[in-house]
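Here is a short report on how one protein model is put together. Keep the sequence and the 3D view side by side as you read.

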Amino acid sequence: MPVSKNDIVEQNFRITNNNAIDMHVGKCVRLRCKLLGMTKEQLGAELNVTVQQVRKYERGANRISASRLWDISQILDVPISYFFDEFLNFLDIAFFILGL
């Protein structure tokens with residue numbers, strides 16, 4: 001039986017335990033770094049972590065602790081809410097559609 005791309009993505013999601021919020025926060029970190037022209041190496045140096053750890057944060061493979069998220073928000077010059085606003089808007093729309 002052929003394996004579809006969606007099957008592979010779903011399997012990877014289960015294996016890595018990537019949480020949708022962790023993935024969203026990671027994407028926000030990546031986007032803000034790109035907007036500032038900051039490399040993974042620079043962010044890692046500011047956080048005193050490896051480039052590999054920054055990549056894991058960006059993919060949502062490793063969760064970002066509250067204190068680490070605070071540090072990232074200070075480095076990237078954004079409020080903590082920056083990492084959640086868009087996700088919360090998505091949830092509001094989903095709940096409206098579902099009638100919840």
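## Two crossing helices

Helix α3 (residues 40-47) and helix α4 (residues 51-59) have axes that come within 8 Å and cross at roughly 105 degrees. α3 and α4 are therefore roughly perpendicular to each other (angles of 65 to 115 degrees count as such). Axes here are lines fitted to C-alpha atoms over the stretch in contact, with angles from 0 to 180 degrees between N-to-C directions.

K40, E41, L43 and G44 of α3 meet V51, V54, R55 and E58 of α4. Contact means heavy atoms within 4.5 Å. By class, this contact has three nonpolar, one polar and four charged residues.

## Model and numbering

The model is predicted: local features need pLDDT of at least 70, side-chain atom pairs need 80 or more, and totals for chains, interfaces and linings use all residues. Residues are numbered from 1 along each chain, and side-chain values use heavy atoms, without hydrogens or water.

## Helix α2

The 17 residues of α2 (residues 20-36) should span 24 Å at 1.5 Å a residue, and the end C-alpha atoms are 24 Å apart, which agrees. N19 caps the N-terminal end: its side-chain oxygen lies 2.7 Å from the backbone nitrogen of I21. Just after α2, G37 takes a positive phi of about 75 degrees.

Buried residues in α2 include V25, C28, V29 and C33. Buried means under 20% relative accessible area (1.4 Å probe, protein chains only).

## Whole protein

The protein has six helices and zero strands. Helices are DSSP runs (H or I) of at least four residues; strands (E) need at least two. Of the 100 residues, 27% are buried.

Note on methods. Angles under 35 degrees count as roughly parallel, over 145 as roughly antiparallel, 65 to 115 as roughly perpendicular and the rest as oblique. Ala, Val, Leu, Ile, Met, Phe, Trp, Tyr, Cys and Pro count as nonpolar, Asp, Glu, Lys and Arg as charged, and the others, Gly among them, as polar. The expected span of a helix is 1.5 Å times one less than its number of residues. Buried means under 20% relative accessible area, exposed over 50%, partly exposed in between (1.4 Å probe, protein chains only). A polar contact is a pair of N or O atoms within 3.5 Å; within protein, one must be able to donate a hydrogen and the other to accept it, and residues adjacent in sequence count only if both atoms are side-chain atoms.
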